[in-house]
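Please look over the sequence and the model shown here before reading the report that goes with them.

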Amino acid sequence: MPGNFRGQTPVRMKAKIIITPKKAVLDPQGKTVQTALEHLGYTGVTGVHVGKYIEIDLAPGTDRAAAQTALNDAAHKFLSNPIIEDYRLEITD
Amino acid sequence: MNFSVLQFPASNCDQDAVHAVRLLGHNARLLWHKENSLGDADAVIVPGGFSYGDYLRCGAIARFSPVMQAVKQFADHGGLVLGICNGFQVLTEAGLLPGALIRNRDLQFHCENIFLKTATPDSPFTNKIPAGKILRVPIAHGEGCYFADEETLAKLKAGNQILWQYCDASGNLTDTANPNGALQNIAGICNERRNVAGLMPHPERACELALGSDDGKWIFESLFAALENRTGGAGGVVHGEPDVKVSRRNTSPLRM
């Protein structure tokens with residue numbers, strides 16, 4: 001309800017981590033999806049890579065630089081496997 | 001010899017591993033993932049299954065469990081560790097073995113008997129396998145395609161760390177005999193120090209003829225022989241931690 005507005009909403013910080021298979025690694029899922037797209041008539045697709053998307057909610061007021069460092073560490077050590085995957089980290093508010 | 005078989009939520013080959021070790025005349029007990037000591041273990045088996053639901057990546061979460069910290073210490077001290085199937089995935093995620101296991105190239109879960117060629121008898125996991133013997137053992141996995149970058153692969157070869165490769169019934173390393181697309185038909189490897197090994201096939205499910213094959217026993221017999229050599233020879237078995245704690249048994253709340 002519009003009447004429930006109680007002043008400023010706190011800034012919602014989010015970290016978005018996109019994990020994709022490394023180019024050198026076999027990606028049978030991507031290949032299969034690509035073939036399916038072709039079968040469905042979607043032309044012009046030259047490659048499909050299936051990865052993962054992780055969204056992390058951060059406490060309001062979190063220091064952006066500190067979060068960046070900590071989440072890079074987490075993404076490298078745990079959320080992705082650097083042997084087979086690349087990741088991209090983005091912090092938004 | 002005393003074997004500790006780890007038990008994570010959703011391990012499902014833990015009982016099979018215990019059964020195989022006992023059948024072959026040695027002691028085995030289950031060790032819950034929250035334990036932080038291996039007690040009096042002479043060797044550790046990280047069993048197959050779907051630890052922590054295979055969430056994120058196979059083995060990615062199990063790697064951080066308390067018991068795995070004890071396993072790392074145990075391995076650092078030279079203790080023998082064998083990872084089977086999901087156990088292999090856990091050991092690669094933990095950095096105890098190089099490379100990674102990715103989705104089978106045909107995206108299918110493979111549950112079938114395969115043939116294995118032993119690449120070298122020079123390891124605690126292969127020393128008793130008769131020369132030229134092709135092992136017939138089952139596989140059951142969806143993510144068993146071994147991958148490593150070229151440099152790692154070259155190191156594995158140079159160091160004689162490839163232990164088992166998928167082959168046909170006559171021992172040829174063909175592409176059709178490769179069930180999952182693993183590089184170089186790799187089914188199992190060991191670390192540089194040769195005290196930690198992992199393989200995707202299930203030797204514990206092939207230790208008695210009633211199950212169709214008893215070829216898997218050679219891998220366990222190799223382990224027993226290696227352990228006996230150690231205790232008979234240079235100063236006994238090294239333990240990861242000095243403080244021996246009593247471990248819970250059969251306490252898994254989850255079973256698949």
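What follows is a report on a predicted model, taken chain by chain and then at the contact between the chains.

## Layout of chain A

Chain A is built from 2 helices and 3 strands, and along the sequence these elements follow the pattern β-α-β-α-β. Of the 93 residues in chain A, 13% are buried. When contacts in chain A are limited to those between residues at least 6 apart in sequence, 69% of them join residues at least 24 apart.

Helix α1(A) holds 12 residues and covers 16 Å from its first C-alpha to its last, which is close to the 16 Å expected at 1.5 Å a residue. After α1(A) comes G41(A), a residue with a positive phi, near 95°.

Helix α2 of chain A, residues 64-79, presents another case: although it has 16 residues, its end C-alpha atoms are only 19 Å apart, short of the 22 Å that a straight helix would reach at 1.5 Å a residue. Which residues of α2(A) are buried? They are L71(A), A75(A) and L79(A), and because these buried residues fall within an arc of 45° when seen down the axis of α2(A), they line one face of the helix.

In chain B, 9 strands form an open sheet of mixed pairing, in the order β2-β1-β3-β4-β11-β10-β9-β6-β7. The edge strands are β2 (27-32) and β7 (134-141) of chain B, each of which pairs on one side only, and the twist from one strand to the next averages 25°.

At one end of that order, strand β1 of chain B, residues 2-7, pairs with β2(B) in the parallel sense over 6 bridges; within this part of the sheet, F3(B) has A28(B) in β2(B) as its bridge partner. Helix α2 of chain B, residues 66-76, lies across β1, β2, β3 (43-46), β4 (80-84) and β11 (196-199) of chain B, and it runs at about 130° to β4(B).

## The surroundings of C145(B)

C145(B) is placed in strand β8 of chain B, which spans residues 145-147. Why does C145(B) count as buried? The reason is that C145(B) has 24 C-beta neighbours inside 10 Å, where the cut-off for a buried residue is 20 or more.

Leaving aside residues up to four places away in sequence, C145(B) touches L101(B), I102(B), R103(B), N104(B), R105(B), N180(B), G181(B) and A182(B), and also L26(A) from the other chain. C145(B) and G99(B), though 46 residues apart in sequence, are 10 Å apart in space from C-alpha to C-alpha.

## The contact between the chains

How many residues does each chain bring to the contact? Chain A brings 10 residues and chain B brings 14 residues. On the side of chain A that touches chain B, helix α1 (residues 28-39) of chain A gives the most, with 3 residues, and the residues of that side divide into 7 nonpolar, 3 polar and no charged.

Key
Residues numbered from 1 in each chain as written. Chains lettered and ligands numbered in written order. Predicted model: local features only at pLDDT ≥ 70, side-chain atom pairs only at ≥ 80, totals over all residues. Pairing = 2+ DSSP bridges. Helix = DSSP H or I, 4+ residues; strand = E, 2+ residues; numbered from the N terminus. Axes fitted to C-alpha atoms, helices over the stretch in contact; angles between N-to-C directions. Contact = placed C-beta atoms within 7 Å. Expected span 1.5 Å × (residues − 1). Buried ≥ 20, exposed ≤ 12 C-beta atoms within 10 Å, placed from the backbone. Arc of directions from axis to C-beta. Nonpolar A, V, L, I, M, F, W, Y, C, P; charged D, E, K, R; others polar.
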